[in-house]
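Welcome, and please open your viewer. We will go from one selection to the next, with a short note at each stop.

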Amino acid sequence: MQKNLNKNKLTNLKEDLKKNQIEIMLYPSKCDGCESEGFAACVKACEAHMGKKYGSKYTGARINIKKKSGRFFPVICHNCEEAPCVDACMPGARYKDTESGWTVTNYKKCVGCWMCVMSCPFGAIERMGGGHFASKCDGCIDEGTPKCVEACKKGALKRIGIKNYSYERRLMVAKKIYGPYIKSVEKR
Amino acid sequence: MKYVIIGNSYAGLSCADAIRRFDKSGDVVIISDENYRAYARPLISYYLEGKTTDETIWYKEDDYYEKNNFKVMLGKKVVSVDTVSKKVVLEDGAKLDYDKLFIGPGGTPFVPPTEGFNPDSPMMGTFTKFDDAKKMEKAAKFAKNKEAIVVGGGLIGLKASEGLRALGLHVTIVELLPRVLGLALDEISGNITSKRLNENGIDTATGETVTKINLDESGNPESVILKSGKVLKADIVVVGVGVRPNVGFLEGSGIKIDRGIIVDKTMMTSVKDVYAGGDAAVIYDILNKRPNIIAIVPLACEEGRVAGTNMAGVYREYPGGMGLNSVEIYGLPIVTIGLTNPANESQKVYMFQDENVYRKLVYDGEVLVGAILLGDIAGSGILSAVIRQGLKCFKYKDEFLNGNIYSFVIDSEFEIYNINEGYAVRGDFEDLPEFSRTNWR
């Protein structure tokens, strides 16, 4: 009975991951920028992996840790619906992959006009002056767990289905506005 | 339902996509007066430089039209639109019925009256179409003295000169305004840009115009005479002053035109069932607070999408747009957003400059209304989102100037994401900007 209930629950993570679009969830309060190690594990893992995936010309981390007065925030693509970077892309290099639902880039078409860098409201697209292309996270959607998530030992990044994503973000926003009155958020 | 789309570029295709999203079965006909399938038009200068090729200049994938079941009519020019009997008349006399029509004709290059200019000459022309780029590629081979004159120091002119320079010509930009990119940049950034151009073999003659083009016996340019009387050698003359909305064919259709096509919030023109968008449409400029033509790619896509959604029967409003642009000139990235030169005294300017980087912010009271970033453009998207939403962000002024633009996102997003630690103090969300994926548009 309990098993059945769990299976049908909308936010069952296993089912969600199997059926729905995959997203990367952030828990910035858990991120400490890997300060004791001297480098951010996710950034390093991503950089190494992207070099392998797209070739050495298109290497460079797609995730970045930004710091402000002791707080860390992983800057990564939020995979917008109707993404501004897709609208802005003049060569048509960036597009919505209809199967995975992710905004991905065809780097062969990218000419480095920086229109997407100028449009991303999260600042998640970076100008790579050397290779002359704009790098953006593609969610590693075609290859299981993304390397950044694997590398993060602090639990600040998590691979998650879109139902869980929206559920958790909704709780977060509600909690931010009505803080003390919402207590149903599970501890993770 | 029969949808007809005039214009096979950013606005038109974005409109077609939006229609297909809500109407899987309707007939969609896309008409273009060019013989190519959709290509990335602003990239024709990169084509001359070899950064984009015959394989990668296409805007959509190869099977785009078949996959989405769009019928495409290439090389057909629309001569008039009959809005009473709902027909589009083509140059060859054929008539197309429509239930809903989208007009995204873009712009035609504007050529100031210049003695001797003849666009049919193989060594002279404008620079907005793929054919123009191919013509210049050929012309560069025949240039005897390897000298080119580009009239106009705006985006078209700069990119055209960069392309011609890559073909081995010595280029001189002739610009009427006192600096290149005169409308978007200020004096300091204009000078930095000019210096970068000069270092790379492109001369700039600012505050000048071409009064006469001297032709040789075969009708090709030999030299140009400037307003100041100076004579410059010229094998190739390119006019890239700007574009005007291509709305001549709409005369007599009853569609209201004032410079561009007038549209309402749903992107519908003054005639029912006829929609418009792109470089030819007059939309609401949220910064200048008046209707304006803003001819940039991101807005064309947005307008097309809103129009297409409404055409498919789903109501959607367009809130308006603002001018912003980004360009790279010989390794120097330039981003200009919104009102870069203060329009009145209430607007205050803050600047930061060092060796490689220049940043300028224009504040109207507490609200950021414009920015120029030169050299370092990381996080410029955050600024454009802030400007577009009209957020109060005066307290971030110093951080923006020093390049810590990300601090804004950290502050606004961190609290929302913060699930484990403490509660956000009640009330502080009022001065925190609403800044999430649902809020962007």
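**Before you click.** This is a predicted model, in which local features need pLDDT of at least 70 and side-chain atom pairs count only at pLDDT 80 or more, while totals for chains, interfaces and linings use all residues. Residues are numbered from 1 along each chain as its sequence is written, and chains are lettered from A and ligands numbered from 1 in the order in which they are written.

**Stop 1: colour chain B by confidence.** The colour scale is pLDDT, the predictor's confidence in each residue, from 0 to 100. Chain B has a mean pLDDT of 89, with 94% of its residues at 70 or more. Select strand β7 (residues 100-103) of chain B, where confidence is highest at a mean of 96, and then helix α10 (residues 406-417) of chain B, where it is lowest at 78. Helices (H or I, at least four residues) and strands (E, at least two) are DSSP runs, numbered from the N terminus. Now pick residues 419-441 of chain B: pLDDT stays under 50 there. Where pLDDT is low, the predicted coordinates should not be read in detail. For the model, the scores are ipTM 0.87 and pTM 0.88.

**Stop 2**

**Stop 3: show two helices.** Select α1 (residues 10-22) and α7 (residues 297-311) of chain B, whose axes come within 7 Å and cross at roughly 35 degrees. Axes are lines fitted to C-alpha atoms, for helices over the stretch in contact, and angles run from 0 to 180 degrees between N-to-C directions. Residues meeting here include Tyr10(B) and Phe22(B) from α1(B), and Val297(B) and Met311(B) from α7(B); contact is counted when C-beta atoms, placed from the backbone, lie within 7 Å.

**Stop 4: visit two loops.** Is Trp114(A) buried or exposed? Find Trp114(A) in the loop between β5 (103-105) and α5 (115-119) of chain A. Trp114(A) is buried, with 25 other C-beta atoms within 10 Å. Its phi is positive, about 65 degrees, although Trp114(A) is not a glycine.

Finish at Arg259(B), in the loop between β18 (257-258) and β19 (260-262) of chain B. Arg259(B) also has a positive phi, near 65 degrees. Arg259(B) counts as partly exposed because it has 13 C-beta neighbours inside 10 Å; the cut-offs are 20 or more for buried, 12 or fewer for exposed, and partly exposed in between, counting other C-beta atoms, placed from the backbone, within 10 Å.

Definitions and conventions:
Two residues are in contact if their C-beta atoms, placed from the backbone, lie within 7 Å.
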